[in-house]
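Here are a few friendly notes to read alongside the model. Take them one at a time, and keep the structure open as you go.

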Amino acid sequence: MKLVCLIKYIAERDRNASGTEQSAPDEGTARFTINPDDASALALALGLKKERSDITLELLTVSTKAVLPLVEDAVRLGVDRATLIHDRETMGNDALTTVSLLNRYLFEALADCILTGSQSLDGGSGAVPPMLAELLQVPQISFVSSLDLPSNENGYARVELADGQWVTDYELELPAMVGLTAMSGQKLPFIRLKDKRRSVDDQVHVLETTDARLVGTHDWQPERRTQQVETMELPPRTRQRTVVSMDPKGMETVVSFLKEKHFI
Amino acid sequence: MRRVLIYIEGGYASQGLKLLQAAKSVLEDAPCETYALITVGSTDDLRGVFDCIFDARSQKLDLFDAAAMAALIGALHADYHFDCIVMTATRSAVMLAPRLAVHGDFGLVTDVDEIKWQDGQLTCFRRPHGGRTRVAIAVSKHAPPLLTVRPDAFGLQENWTVKESRIVEVTDTGHPQASTRLRKIARHEIAEPDISKSAVLVAGGGGIAGNFAALRALADALGGEVAASRAIVDRGLAPRCIQVGQSGNHVAPRLYIALGIHGAIQHVTAIRGADYLISVNTNENAPICNLSDIVVVGDAFAFVDALLKMIKEEKGNGNV
């Protein structure tokens, strides 16, 4: 069974979210880290691979070459193959470009199950996995906390989805796409000391966007319909403290406040 | 005549009028026909509000079957050519809206909390997930906006005229494989809620140890969850999963009501991300009161009773 894990690496400066699709970190100086939800997806995938010898695991990312050390570390943790699609222009920060590139690659990759994160901490809206699923015509579900795979690639994957007070179990016919969250509790292991310096060059592949494998008749290139026009840093929250008593006038103040802020 | 579609997700019926207000912000004063789509729940609250109600309940679509929902809405859009589609920003919308955007010519903006027209351009404001910034997204005038709107970001539409709603039963979802590729197996209530996801938290501390259970009613009335300080958890009055603090959950709700909580640094650190904070305490100089938007000096139990009564009155007057 072939698993593909889609990973987003976020710039450390964006960990507090500077914006959305069109901001691109400085390739030369930015430090990157794996998005927490995606780390959970990778941790789950590595765990599944450890349990089952029939599973092959590929890591796929659209990013800058600056993340190569992190990609290599993932291979040292047990990933069989890693592919970095080198997007010079937006470095994985533009949803439409990312979806377009991933669609081209995955169309040929024939994965049985694609694991992703659900949302990214750099302001991502979680749009990439469902958009990709729609193009690939596979069932997709996000915010999953656990995943059980069938014994063969013709079966159904079983997932748990937590939403508020409820946990719902779903089955998805493979091939399918599943989005994990950091709340799933899956944690990446540490790299063993003896593996830290192991060469993994033959398992890591870098594709440029002009690569023949990324060009095909199934190309999807939508027109850009939105544009980020402004980013505003939120000022530190200063609170105008109002002190009231537990009397009708005080309670009116509270209710008016709640109504003004649309809580009631 | 412009057309706007509001998808009203099950459990979010109260957002219908607020979503309509968001749509009105897009279309401004242009005359428009309003359409609502439901897949569960009742049409009763929607009658008189919308010109047309698409009733897709008979299709028994699952909330998280985004492929089927996208096909349904896409099919309706192909027939009706909506000028704007709005839905609540929920977990299912995270999956649905992007799928819908792929095949339509929409300008997708998610988690919108404000809409303006600036220099002749429709601009939607959102606060990115995990973010300390706010971004403005302009939508092309050639694309119908497809918006997911944060719950309660818009107020109820006021002064709306009563309409003669027509009901259209949806008999074809346009997605024949829906029931086979993704299917619900079981559903159960979790004993341990994830309070970090709740927009409203009603938290109790040592000052309400006498009857911690009393907080549940207020949390329900505000559509939120109950949380607890360490003092309550250590006494065995609440599970650790709802503890707020350095050794518990860090939370960033829109509203945090702290009842009988002193405000130790370990607790305060975990609630710094809250948008609005109301504290109720007999000591107005308790540390948590210094961080609050409103401090109510008095008994927490009396506050809960009084606020519940007033919320009930507001609902009875049709103000909610």
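1. Let us begin with a term: a cavity is a set of grid points where a 1.4 Å probe fits but cannot get out. In this predicted model, the structure holds 3 cavities of 30 Å³ or more.

2. Now look at the second largest cavity, which contains about 60 Å³ of space. Which residues line the second largest cavity? From chain A come Gln119(A) and Ser125(A), while chain B gives Ala89(B), Thr90(B), Ala93(B), Val94(B), Ala97(B), Pro98(B), Thr110(B), Asp111(B) and Thr148(B).

3. In chain B, α3 (91–103) and β5 (107–118) each supply at least two of its residues. The largest share, 4 residues, comes from α3(B).

4. Sorting by class gives another view: the lining of the second largest cavity has 5 nonpolar, 5 polar and 1 charged residues.

5. Next, step back to chain B as a whole, with its 8 helices and 15 strands. Its radius of gyration is 22 Å, close to the 20 Å that the globule rule gives for 320 residues, so chain B is as compact as a globular protein of that length. The C-alpha trace of chain B spans about 60 × 50 × 40 Å along its principal axes.

6. Finally, consider burial, contacts and surface. Of the 320 residues of chain B, 57% count as buried. Among its contacts between residues at least 6 apart in sequence, 60% join residues at least 24 apart. The accessible surface of chain B is about 13,400 Å², and 46% of that belongs to carbon and sulfur atoms.

Key: Residues are numbered from 1 along each chain as its sequence is written. Chains are lettered from A and ligands numbered from 1 in the order in which they are written. This is a predicted model: local features need pLDDT of at least 70, side-chain atom pairs count only at pLDDT 80 or more; totals for chains, interfaces and linings use all residues. Side-chain values use heavy atoms; hydrogens and water are left out. On a 1 Å grid over the protein atoms alone, a cavity is a set of points where a 1.4 Å probe fits but cannot get out, and a pocket is an open set with protein on both sides within 12 Å along at least five of seven lines; lining residues have an atom within 4 Å of a point. Grid points are joined across faces, edges and corners, and a volume is the space filled by probe spheres set on the points. Ala, Val, Leu, Ile, Met, Phe, Trp, Tyr, Cys and Pro count as nonpolar, Asp, Glu, Lys and Arg as charged, and the others, Gly among them, as polar. The radius of gyration is taken over C-alpha atoms; the globule rule is 2.2 Å times the number of residues to the power 0.38. Buried means under 20% relative accessible area, exposed over 50%, partly exposed in between (1.4 Å probe, protein chains only). Contact means heavy atoms within 4.5 Å. Accessible areas come from the Shrake-Rupley method with a 1.4 Å probe; for residues, only the protein chains shown count as cover.
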